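Open the model in your viewer and keep the selection tool ready. This tour moves from stop to stop, with something to select at each one.

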Amino acid sequence: MRMYISRSLIGALLSLAIGLAQNPTPAPISPPLQTRPAVLGSLESYVAYPAGAGVPYASASQLAKALGLGYLGGGSRLSLSIGSRVASFTVYPSEAQAVSGGGAWQRSGGIWVPLPLLARTLDLFYEVRGREIAVGLKPARLLGAVVTQSEGVERITLQLDRDVSARLLSDDRVGLVGVTGGEAEGVTINSVAYGLEVGLPGSGPARLYFLPRQVVVERGNPQGSRGSFAERSEGWIPLVVIDPGHGGADPGTIQSGIREKDLTLNLAQTLRTLLAPSGIRVSLTRQGDQARSLQDRANAGAFAQVLLSVHVAPGDRVNLYTNPNQGKLLFISKGRQLLPNTPEPRKSLLLGYVSPEGSSADFAKLLSEEISAVGVVSALGEGDYLALSQNGGAAVLVEFGFDNVSTPQGRQQLAQAMANAILKYLGRFQPTNSAPGTNPPPSSQPKPGGNP
């Protein structure tokens, strides 16, 4: 009995044989992706478990749409936000890299983010219900509204009991997502399906921004010219945020019984006192021995013209760090792109929130010069510090040596150096302001193992 084999079949068998010879070991097959049903707000969806690691991931775009989150994506970074809270992730091309790096995962069709980490960072409702996972907005209440007029700016501040998402519906209306509340003086309130619609007083172009547990709407432009800081008129009042490192249950480094958290608070309070005569606005991220998260510190300094985070480490050197990734958020990078070709008075408005690129490096150089002028060695470097990452102005982390700040005289001297650098950067330096007393108030001197 003869067996006839067609030429086409012979060709196919030869191709298969050649392929097996060139690839003797077949490529490993990824295990099937585990999934689980999920409810994102009111949207029925699912979560996936990449690399079998037990961490549920959800679609970032679905989350943003279902919960009204802010979404900023570009390149290798993704940020989701609710009010002033921002969760930022590195986007990895493979699921294994995403899981090991605690980042986002680039899947076909979109980017997926680790759901438990996102919920913790943005303070979302998160619950496992049998085989189903539910995530949503926590209830929020509108507590009141404050309407103020100052230096040509009308400001309507909506006060809430937690951070919320909001949208400017028009120049006289703002929508608050997932918010309930009663009456608030100075505004009108209507309940809608997604939360509240708030009618605003006044008229004219409005802009919206977020502060912790606040939604702020502004109209008008600050009085005075708004070129570089050194050229601004006395009508412009910049904001300086000082961030004393550590606090609460986190003492930081301890040396000879003195805690870092006490020294940083003492330096910040002394610096605030030295800056007071200049008339600039100064804010501290903590007023006493409180714990503040890194995200809270970053949020507090997001719209400051100067953000200075203060730390202390063993030794006698001073290290000054800027964030190499500062300005990667879309609102900062886009604002800087718009600056060169933006006409006045819109450029003046933009400069209130976004300083030209390189401002942090310029400020760090001034700090180095002032610190070196008092005989203390300082070094410049970069670090990916979350506390600096959200700022659109000049943001620097300064790390003093314990030997430099162990005495009241040393702390006063270095606080004055910081004050001089800030005032020079802002164009407010006056030589007559550089002759303070030699010691800080006795009540503000830190004691070993105690509070300032």
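**Stop 1: a buried charged pair**

Select Glu 154 and Arg 219 in this predicted model. Both residues are buried. Their side chains meet in a salt bridge, 3.1 Å from N to O. Now show the strands around them. Glu 154 belongs to strand β12, while Arg 219 is in strand β19 (residues 214-219).

The structure holds eleven salt bridges. Side chains of opposite charge can pair when their charged atoms come close. Select Arg 162 and Asp 123 for another of them: the closest N and O atoms are 2.3 Å apart. Both sit in loops. Arg 162 is in the loop between β12 (153-160) and β13, and Asp 123 is in the loop between α4 (115-122) and β9 (125-129). They are 39 residues apart.

Which of the two is buried, and which is partly exposed? Arg 162 is buried, because its relative accessible area is 18%, under the 20% cut-off. Asp 123 has 25% relative accessibility and counts as partly exposed.

Next select Arg 173 and Glu 197. Their side chains meet in a salt bridge too, at 3.1 Å from N to O. Arg 173 is in strand β14 and Glu 197 in strand β17 (residues 195-199), 24 residues apart. Arg 173 counts as partly exposed, at 32% relative accessibility. Glu 197, at 19%, counts as buried.

Salt bridges with shared partners join Asp 123, Lys 138 and Arg 162 into one network.

**Stop 2: a four-stranded sheet**

Show β13, β14, β17 and β16, in that order. These four strands form an open sheet with antiparallel pairing. What stands at the edges? β13 (166-170) and β16 (188-192) do. Each has a single partner strand, so one side of each is left without a neighbour in the sheet. Neighbouring strands here are turned by 25° against each other on average, direction ignored.

Zoom in on β13 and β14 (residues 173-177). Four bridges join these antiparallel strands. Select Arg 167 and look across to β14: its bridge partner there is Gly 175. In a regular strand the side chains alternate between the two faces of the sheet.

**Stop 3**

Select β5 (residues 77-82) and β6 (residues 85-92). They pair in the antiparallel sense over six bridges. Leu 78 has Phe 89 in β6 as its bridge partner. The two strands form a hairpin with two residues between them. Gly 83 lies in the turn and has a positive phi of about 60°.

**Stop 4: aromatic pairs**

The structure holds three aromatic pairs. Select Tyr 46 and Trp 112 for one of them. This pair is tilted, with 5.3 Å centre to centre and 50° between the planes. Tyr 46 is in strand β2 (residues 43-49) and Trp 112 in strand β8 (residues 110-114), 66 residues apart. Tyr 46 counts as partly exposed at 35% relative accessibility, whereas Trp 112, at 8%, counts as buried.

Move to Tyr 57 and Trp 105. Their rings form an edge-to-face pair, 6.4 Å centre to centre and 80° between the planes. Tyr 57 lies in β3 (residues 57-59) and Trp 105 in β7 (residues 104-107), so the pair ties together parts that are 48 residues apart in sequence. Both Tyr 57 and Trp 105 are buried.

The charged end of Arg 107 sits over the ring of Trp 112, 4.5 Å from its centre.

**Stop 5**

Select helix α5 (residues 260-275). Its 16 residues reach 23 Å from the first C-alpha to the last, close to the 22 Å expected. Of these residues, 14 are buried, so α5 is largely enclosed by the rest of the structure.

Finish with helix α12 (residues 408-425). Its 18 residues should span 26 Å at 1.5 Å a residue, and the end C-alpha atoms are 26 Å apart, which agrees. In α12, 15 of the 18 residues are buried, so this helix is also largely enclosed by the rest of the structure. Last, select Gly 427, which follows α12 and has a positive phi near 70°.

Methods. Residues are numbered from 1 along each chain as its sequence is written. Side-chain values use heavy atoms; hydrogens and water are left out. The expected span of a helix is 1.5 Å times one less than its number of residues. Buried means under 20% relative accessible area, exposed over 50%, partly exposed in between (1.4 Å probe, protein chains only). Rings of Phe, Tyr and Trp (its six-membered ring) pair if their centres lie within 6.5 Å; planes under 30 degrees apart count as stacked, over 60 as edge-to-face and the rest as tilted. A charge sits over a ring if NZ of Lys or CZ of Arg is within 6 Å of the ring centre and within 35 degrees of the ring normal. Two strands pair if DSSP finds at least two bridges between them. Axes are lines fitted to C-alpha atoms, for helices over the stretch in contact, and angles run from 0 to 180 degrees between N-to-C directions. A salt bridge is a side-chain nitrogen of Lys or Arg within 4 Å of a carboxyl oxygen of Asp or Glu.
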